[in-house]
Amino acid sequence: MAQPLVKKDDDRDDEEYSPFLGIEKGAVLQEARVFNDPQLDPRRCSQVITKLLYLLNQGETFTKIEATEVFFAVTKLFQSRDIGLRRMVYLMIKELSPSADEVIIVTSSLMKDMTSKTDMYRANAIRVLCRITDGTLLTQIERYLKQAIVDKNPVVASAALVSGIHLLETTPEIVKRWSNEVQEAVQSRAALVQFHALALLHQIRQNDRLAVSKLVTSLTRGTVRSPLAQCLLIRYTTQVIREAATTQTGDRPFYDFLESCLRHKAEMVIFEAARAITELNGVTNRELTPAITVLQLFLSSSKPVLRFAAVRTLNKVAMTHPMAVTNCNIDMESLISDQNRSIATLAITTLLKTGNESSVDRLMKQITNFMSDIADEFKIVVVEAIRSLCLKFPLKYRSLMNFLSNILREEGGFEYKKAIVDSIVILIRDIPDAKENGLLHLCEFIEDCEFTYLSTQILHFLGTEGPKTSDPSKYIRYIYNRVHLENATVRAAAVSTLAKFGAMVDALKPRVFVLLRRCLYDGDDEVRDRATLYLNTVGSDGEVIETDKVVKDFLFGSLDIPLANIETSLKNYEPAEQPFDINSVPKEVKTQPLAEKKAPGKKPAGLGAPPSGPPSTVDAYEKLLSSIPEFSDFGKLFKSSAPVELTEAETEYAVNVVKHIFDRHVVFQYNCTNTIPEQLLENVTVIVDASEAEEFAEVASKPLRSLPYDSPGQIFGAFEKPEGVPAVGKFSNMLRFIVKEVDPTTGDVEDDGVEDEYQLEDLEVVAADYVMKVGVSNFRNAWESIGPDFERVDEYGLGPRESLAEAVSAVISLLGMQPCEGTEVVANNSRSHTCLLSGVFIGNVKVLVRLQFGIDGPKEVAMKLAVRSEDDNVSDMIHEIVASG
Amino acid sequence: MVKDTCPSIKNILLLDSEGKRVAVKYYSNDWPTNSAKEAFEKAVFTKTQKTNARTEAEIAMLEGNVIVYKFVQDLHFFVTGGEDENELILATVLQGFFDAVGLLLRGNVDKKEALENLDLILLCLDEIVDGGIILETDANVIAGKVASHSVDVGAPLSEQTISQALATAREHLTRSLLK
């Protein structure tokens with residue numbers, strides 16, 4: 001009987017031996033027929049199941065028919081009394097995950113096992129049954145499950161509790177009825193039972209803050225036996241702390257409990273507690289100290305897992321509290337040579353965050369040795385850390401820039417090289433001294449760069465920055481070399497860059513033209529086209545004249561339009577008599593969906609395109625408004641606001657309004673929905689009282705003929721206002737209509753109606769409505785190019801605020817402008833913040849705003865507001881918005 | 001938020017010295033297809049291959065997951081958890097799995113022995129984690145539960161009775177304590 005699963009071939013002993021060598025699905029399925037034998041051989045059956053499981057584990061799949069056949073055959077094995085075989089049967093059923101109609105076949109067998117005297121049967125039958133069952137069956141077995149939860153045998157209790165955790169997702173209403181039993185199980189003496197019970201109890205109550213708080217209060221005083229349960233308790237406690245912190249002040253509740261867990265005997269609990277403390281909202285240095293101390297001990301542990309856990313946590317702390325981590329610097333430095341490169345990388349980047357100016361050089365020396373033997377993914381992390389270090393200590397740019405250029409010359413993949421180039425670009429942009437040095441490094445890099453993308457991006461950047469340097473001529477050679485040696489894409493980019501030098505630097509013009517003329521014979525269309533375009537626009541027949549500003553703007557000016565918007569407009573454009581008009585492209589940057597803001601605080605990469613958003617709804621509004629004859633002569637739509645609700649949620653009639661701003665008019669678009677099935681509204685108008693809006697005069701309104709149940713309709717009201725002036729005012733609104741009864745079952749409408757009115761909330765036109773969100777790609781450049789002529793600076797006290805972040809977002813929404821360069825995100829716990837905003841004021845006036853915030857002890861926020869624009873009235877207006885807001 | 005909930009295991013892998021599957025179990029939907037699973041296994045194997053994880057469990061990050069691992073002979077043990085998972089909990093699960101396999105294979109832990117006793121390895125996985133939730137981490141308890149089930153079958157532990165199996169387990173424990 002004791003035959004091996006597959007006969008071992010004696011001649012080929014050297015080859016790797018596997019009992020499953022040459023195994024084949026068809027043959028095993030044949031073998032599964034032994035399950036039907038009247039005289040079951042348990043051992044043989046077990047072997048066949050193992051083979052089936054092996055196949056599944058290797059990724060083999062059974063067809064529906066095969067799976068059903070195997071399943072039915074396996075159910076026969078419940079006849080055997082053999083414990084081991086039964087165990088394999090359970091496993092097999094779980095792997096096959098039978099369909100609902102098949103489940104019925106095994107239900108009775110499993111229910112019998114669930115009430116068996118053998119603990120192992122009970123525990124496993126519960127797990128299998130709960131895995132494959134649906135809600136209806138669950139009510140039948142609920143009684144047994146409740147008993148199992150408080151079973152003497154911990155394995156049975158755990159099986160029931162864990163199954164409960166899984167079932168809570170599908171049939172919460174049933175599992176919630178078990179809380180008494182679960183509560184009892186929390187007191188169990190068996191460690192794992194306590195862990196599972198606690199997890200289930202918390203999940204049952206997770207939406208009930210008070211209950212969770214009570215649970216935590218009682219358990220933190222009692223004794224929790226299992227380290228895993230203790231970890232859970234720490235997690236729940238931090239949750240309670242987080243929610244309590246918003247309502248209470250003074251001493252942090254439960255901190256003592258967390259601190260006491262730092263002295264627990266299990267390392268996993270110590271670490272969980274230490275990590276929890278470092279992640280507390282607004283954690284103080286005093287609170288941090290004990291946690292940092294235990295993490296520091298872990299750093300010199302012999303176990304890599306402990307070292308990793310500790311250094312990873314300290315790395316996170318270093319972002320917000322670099323000073324608190326400095327004590328660990330010596331331990332951290334010895335980790336640079338750690339065998340585990342993840343640990344070494346984390347140590348280095350932590351050191352880069354906590355290091356001071358004097359330690360930079362020493363650190364760089366250590367890193368240089370280290371860089372050669374780590375993978376690209378780690379190198380990228382280091383490069384990013386070095387970039388932020390350089391921004392922190394601009395005086396050290398020389399050694400850091402050298403380091404970057406050295407690693408740029410070494411071997412590496414695209415992502416890594418891109419990270420380095422991005423970093424150099426950002427340093428050039430932010431540290432003026434580093435500019436020439438950095439540009440030369442980039443020039444050298446493109447001499448031998450295998451990545452087209454990077455070459456073109458660098459060439460573009462050279463074209464922008466190069467002409468502004470003290471000696472632009474020295475870059476020409478590098479650029480022109482590209483025209484000889486590269487592929488068409490890079491050649492075309494090089495031509496554009498050359499032309500930029502020619503246009504910006506008059507002294508270079510003749511020589512650049514000579515080079516451009518040579519490009520006219522290039523083999524590629526695009527390269528030739530570009531050369532021709534530039535020669536004809538920038539240089540008029542070789543004469544050296546100063547290039548016209550208009551031409552410069554046309555060729556090299558930045559496109560003030562979000563790329564996504566122009567893309568949609570071009571796609572919508574149908575070839576017609578009328579040429580495509582770039583002014584018709586909406587400039588509004590739509591707020592980006594939240595998903596894209598996953599990495600808060602991360603600055604957008606240097607070479608990345610200016611922020612662009614998905615196609616806006618402005619298009620839709622514009623189409624809608626231009627289709628209404630009354631509004632057709634209002635001109636181009638400047639801005640449409642987000643909808644403002646004029647009714648409470650869930651009232652009879654839901655109304656919101658969108659404010660459309662034109663140069664001389666304002667149009668209110670009331671979106672109305674009738675939420676009463678028994679009513680039909682006719683002749684619906686909005687009566688607007690503009691007595692508190694003196695500068696506005698009603699010119700037109702467009703009522704709605706009928707408003708049936710649940711199909712939204714729009715009413716419009718148009719007002720005239722002085723041209724180009726950001727007039728503000730308050731409007732009160734009243735909905736007036738004729739109600740007719742409707743029989744909802746038949747849809748019949750009664751003939752007679754009653755006139756009725758419905759008061760809506762007031763609507764305000766504020767100054768922010770006249771500012772459009774328009775981003776700029778490089779705030780510093782834009783700021784400098786507008787110049788200080790109409791700069792207005794003033795300081796404001798914002799009073800006590802919840803947090804700095806809250807104050808920043810309040811001011812942003814008050815001004816209705818576009819945050820630039822990710823400055824709307826406030827780092828956790830920071831005491832000050834600078835936020836950059838840009839926008840366009842009505843009348844097409846560019847506005848830039850620099851906000852500096854500071855917060856002191858009792859949450860008093862102060863703000864310095866600097867505005868630059870092309871018109872001093874507008875600068876004043878922005879201050880007025882803030883002053884009155 | 002994941003962190004407020006129960007610690008959870010995304011997968012447990014047992015691969016051979018060439019990165020091929022001996023036994024694997026996935027508990028999360030992060031890798032929906034078999035090819036996604038195989039790609040992940042390959043990435044994990046390649047990343048960890050050259051490290052020395054024979055005396056102490058090692059750790060790495062991959063695709064936003066934390067992976068703890070340990071090697072013995074031609075077998076590579078892995079436990080994967082989410083990015084924010086407590087590393088030491090994952091390590092405890094790994095150690096439980098590793099030691100339980102050692103007990104069940106009676107010290108002869110290599111690929112050949114593991115495949116010959118694949119039923120024990122699969123049962124062992126089944127006893128450690130259920131649907132991502134940790135069931136048991138104590139190697140002696142895990143091995144005890146698995147071994148007691150195969151007692152009657154005449155599988156490799158056939159000569160042993162339950163008490164013998166537990167005695168072996170206990171002996172192992174004392175040995176590991178004395179180390």
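This is a predicted model: local features need pLDDT of at least 70, side-chain atom pairs count only at pLDDT 80 or more; totals for chains, interfaces and linings use all residues.
Visitor: Why is the pair A:Lys94 and B:Asp126 called a salt bridge?

Guide: The term requires a side-chain nitrogen of Lys or Arg within 4 Å of a carboxyl oxygen of Asp or Glu. For the side chains of A:Lys94 and B:Asp126 the N to O distance is 2.8 Å, so the pair qualifies.

Visitor: How many salt bridges are there between chain A and chain B?

Guide: The count is 10. Residue pairs in polar contact between the two chains, both at pLDDT 80 or more, number 20. The side of chain A that touches chain B has 18 charged, 16 polar and 27 nonpolar residues.

Visitor: What makes up the contact, and how much area do the chains bury?

Guide: Chain A gives 61 residues and chain B gives 55 residues, where contact means heavy atoms within 4.5 Å. Between them the chains bury about 5,000 Å², with 55% of it on carbon and sulfur atoms. A:Asn57, A:Arg235 and A:Val305 supply 13% of the area that chain A buries against chain B, more than any other three residues.

Visitor: How do you know which residues line the second largest pocket?

Guide: A lining residue has an atom within 4 Å of a pocket point. On that basis 33 residues line this pocket, and the closest to its centre are A:Lys94, A:Glu95, B:Lys25, B:Tyr26 and B:Lys37. The space in the pocket is about 1,100 Å³.

Visitor: Which elements and residue classes form that lining?

Guide: Elements that each supply at least two residues include α4 (83-96) of chain A and α1 (34-48) of chain B. By class, the lining has 14 nonpolar, nine polar and 10 charged residues.

Technical notes: Residues are numbered from 1 along each chain as its sequence is written. Chains are lettered from A and ligands numbered from 1 in the order in which they are written. Side-chain values use heavy atoms; hydrogens and water are left out. On a 1 Å grid over the protein atoms alone, a cavity is a set of points where a 1.4 Å probe fits but cannot get out, and a pocket is an open set with protein on both sides within 12 Å along at least five of seven lines; lining residues have an atom within 4 Å of a point. Grid points are joined across faces, edges and corners, and a volume is the space filled by probe spheres set on the points. Helices (H or I, at least four residues) and strands (E, at least two) are DSSP runs, numbered from the N terminus. Ala, Val, Leu, Ile, Met, Phe, Trp, Tyr, Cys and Pro count as nonpolar, Asp, Glu, Lys and Arg as charged, and the others, Gly among them, as polar. Buried area is the accessible area (1.4 Å probe) that two parts lose on being put together, summed over both. A polar contact is a pair of N or O atoms within 3.5 Å; within protein, one must be able to donate a hydrogen and the other to accept it, and residues adjacent in sequence count only if both atoms are side-chain atoms.
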